[in-house]
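Here is my note on the model you asked me to look through. Please read it with the sequence and the coordinates open beside you.

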Amino acid sequence: MDDAIYPDPSFGAEDTALREAAAADPIGFWADRAAELEWYEPWEKVLDDTNPPFYKWFTGARTNIVHNCIDRHLSGPYKNKLALIWVGENGTDYKTYSYFSLNREVNQMANVLKAMGVGRGDKITIYLPRIPEVVFAMLACAKLGAVHSVIFAGFSADALADRIDDSESKVVITADGSWVNGGIFKLKDIVDEAIRFSPSVENVIVVKRTGHEVAMDALRDHWYHDLTALPIAKGDCPTEQMDAEDPLFILYTSGSTGKPKAILHSHGGYMVGTYTTLKYTFDIRDEDRWWCTADPGWITGHSYLVYGPLLAGATSFMFEGGPTYPYPNRWWQLIEYYGITTFYTAPTAIRSLMRFGEAWPNRHDLSSLRLLGSVGEPINPEAWHWFHRVIGKGRCPIMDTWWQTETGMFQICPTPSMPLKPGSAGKPFYGQVAEILNEAGEPVPDGEEGFLVLTKPWPGMLRTLFKDDERYVNTYWSKYPGKYLAGDSARRDADGYFWVIGRTDDVIKVSGHRLGTAEVESALVSHPAVAEAAAIGLPHEVKGNAIHAFVVLRMGYEGSPQLAEDLRKHVSVHLSPIAKPDWIDFPDKLPKTRSGKIMRRVLKARALGQDEGDLTTLEE
Ligand code: WT7
């Protein structure tokens, strides 16, 4: 490969040795990585695969991810190292936490939760802006052995209510509001609406962020700053010694059908997986300032903004705002000012920033950067080259990482000595094996498209779907027994590089966010004018995919631009602004199979002017 771009050729020998060792003995490889971390009790077995697909990792071991994120650093040279640098949307609010002071904050939050009766196995919903308290809250839950469920603070009251009730959360941690492009998004109001009828919520903790007036229920709601002023908040809160397989968190994500799925991850395996992938893929160094732009409301924020960097003893940078407010140089300005070395973001953000032109980044000195990263959707070569040339000045490799909420950690990504191919996520990570299969489960020849599967269990894998083992087995392990079905289509080339194409199910990636057609449709159908709805994703220059909805109206309603706008707003308010359809059409009826299933495939083909394919199952 003549035009090969190498992350770090000097690392070649080590990279090759690790790759070969992991391929020969994946269990030994993971045991060695786990041994780089601390455990209260060692494991009896690295992998227990006696009851697939319910794999267990590091069985018999006792640990707590917080012990490795914080506690172990306190007695070593990292005690005074910056763990977290945070900058507010207005650019003037600024906070830093060393590992020492992060520990104090987490203890404080844990003490408060403990005083509310929170302990092992309790579920806590976190609905916070990108502020340091979201990190404290996640770690405080983990410290106590409680299970956090972080909900992206852009979800509506309906979506929040579903998730709080499904998880049976005892406590909700929120803020008065969040700053969004200079305006206030009223989080507390949304929580109030969401938990009006919630049977499980006993307490709501409210962090003051925007300072606007909010209603407080005298018995249920508590300002966080009032709680931390109480004597109970002071002092160390012991880190619970957990079983490696004890649940760490659940995270809701969209699936093909019905309600969002609650992906369950555990302390031990997730800890080893996120630590290892971050450390080796991004070659984390002591002097790095690592910036992952994801929100903690998504898995990328969990694994690579909060847990992974702290496990690696890195300095993690967190910015409350978005890339274009007040001007489209915001991110570049922050990279320059804070000396960011490693920058991990999403293709959709790159594409949107490209449109503003090179003059914005060119105003800034970006020479601190040494590595770039991409995640969330395929990166088109045009965006790849822009990112590489304009932001990385042709010096910084781009680590394109393919993984999922379910996988917990990178699965297909380059490692330091691997030549990069723009648009390909490289090869399976150390010890992993991926295959591309046809419908019958046979591997397809190189270059051909098929279903992407993972054939070996990995430590960071989901353990099940919370409260739904059956759906876990059916969704991921039943199409090809013994193999994990990712839900993506992909190709592998002759060099063994993987090219991910997109979802094969009814999941749409909109600006890297994962949405189910079923969720968008049920939000539409909750509007009085709507009888039936179908949503599909169509290619979009910036967002990757945009949602197009087909709505059949009830008697007495007529389609109009005004109604389309009302419906778009309705989805925004009842699900999330990120789910707002770009375009709404009002057909008289929807194409369906004789058994009544909407044929989204046909709608998509029609919209793209393509062949509608096999229509034999179409009704009439
Ligand atoms: C889906 C998972 C875990 C990262 C954040 C998204 C798509 C993710 C890539 C990539 C091509 C990618 C896939 C996958 N995806 N990363 N580097 N190249 N596609 O997690 O929300 O669970 O979505 O995102 O379609 O299945 P998620």
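The numbered points below go through the ligand site, the helix packing and some local backbone features.

1. On the basis of the note: this is a predicted model, in which local features need pLDDT of at least 70 and side-chain atom pairs count only at pLDDT 80 or more, while totals for chains, interfaces and linings use all residues. Residues are numbered from 1 along each chain as its sequence is written, and side-chain values use heavy atoms, with hydrogens and water left out.

2. On the shell around the ligand: 17 residues surround the ligand, and the closest are Asp400, Thr401, Thr405, Arg503 and Arg514; a residue is counted as near when one of its heavy atoms lies within 4 Å. By class, the shell holds 6 nonpolar, 5 polar and 6 charged residues, where Ala, Val, Leu, Ile, Met, Phe, Trp, Tyr, Cys and Pro count as nonpolar, Asp, Glu, Lys and Arg as charged, and the others, Gly among them, as polar.

3. The protein buries 95% of the 550 Å² that the ligand exposes when taken alone, the areas coming from the Shrake-Rupley method with a 1.4 Å probe. The elements that give two or more residues to the shell are α10 (299-311), β20 (398-401) and β27 (498-503); helices (H or I, at least four residues) and strands (E, at least two) are DSSP runs, numbered from the N terminus.

4. On α5 and α10: which helix packs against α10 with axes that come within 11 Å? It is α5, and the two axes cross at roughly 65°, in a right-handed crossing. Axes here are lines fitted to C-alpha atoms, for helices over the stretch in contact, and angles run from 0 to 180 degrees between N-to-C directions; a crossing is right-handed if the near helix is turned clockwise from the far one by less than a right angle, and left-handed if anticlockwise. Val135, Met138, Leu139 and Ala142 of α5 meet His302, Val306, Tyr307 and Leu310 of α10, contact meaning heavy atoms within 4.5 Å, and these residues divide into 7 nonpolar, 1 polar and no charged.

5. On α3 and α5: helix α3 (residues 65-74) packs with helix α5 (residues 132-144) at an angle of about 120°, their axes 9 Å apart, and the crossing is left-handed. Ile65, Val66, Cys69, Ile70 and Asp71 of α3 are in contact with Leu139, Ala142 and Lys143 of α5, a set with 6 nonpolar, no polar and 2 charged residues.

6. On α4 and α5: helix α4 (residues 99-115) packs with α5 at an angle of about 65°, with the axes 8 Å apart, and this crossing is right-handed. Among the residues that make the contact are Leu102, Val106, Met109 and Leu113 of α4 and Phe136, Leu139, Ala140 and Leu144 of α5. The class count for the contact of α4 with α5 is 11 nonpolar, 2 polar and 4 charged.

7. On the backbone: Pro52 and Pro53 are joined by a cis peptide bond with omega about 0°, and Pro53 sits in the loop between β1 (45-48) and β2 (56-59). The peptide bond from Tyr325 to Pro326 is also cis, with omega near -5°, and Pro326 belongs to the loop between β17 (315-319) and α11 (330-338). Asn181, although not a glycine, has a positive phi of about 50°; its loop runs between β9 (178-180) and β10 (183-185).

8. On Asp192: this residue lies in helix α7 (residues 187-194) and, leaving aside residues up to four places away in sequence, touches Ala215, Arg220 and Asp221. The side chains of Asp192 and Arg220 make a polar contact (2.9 Å), that is, a pair of N or O atoms within 3.5 Å, of which, within protein, one must be able to donate a hydrogen and the other to accept it, and residues adjacent in sequence count only if both atoms are side-chain atoms.
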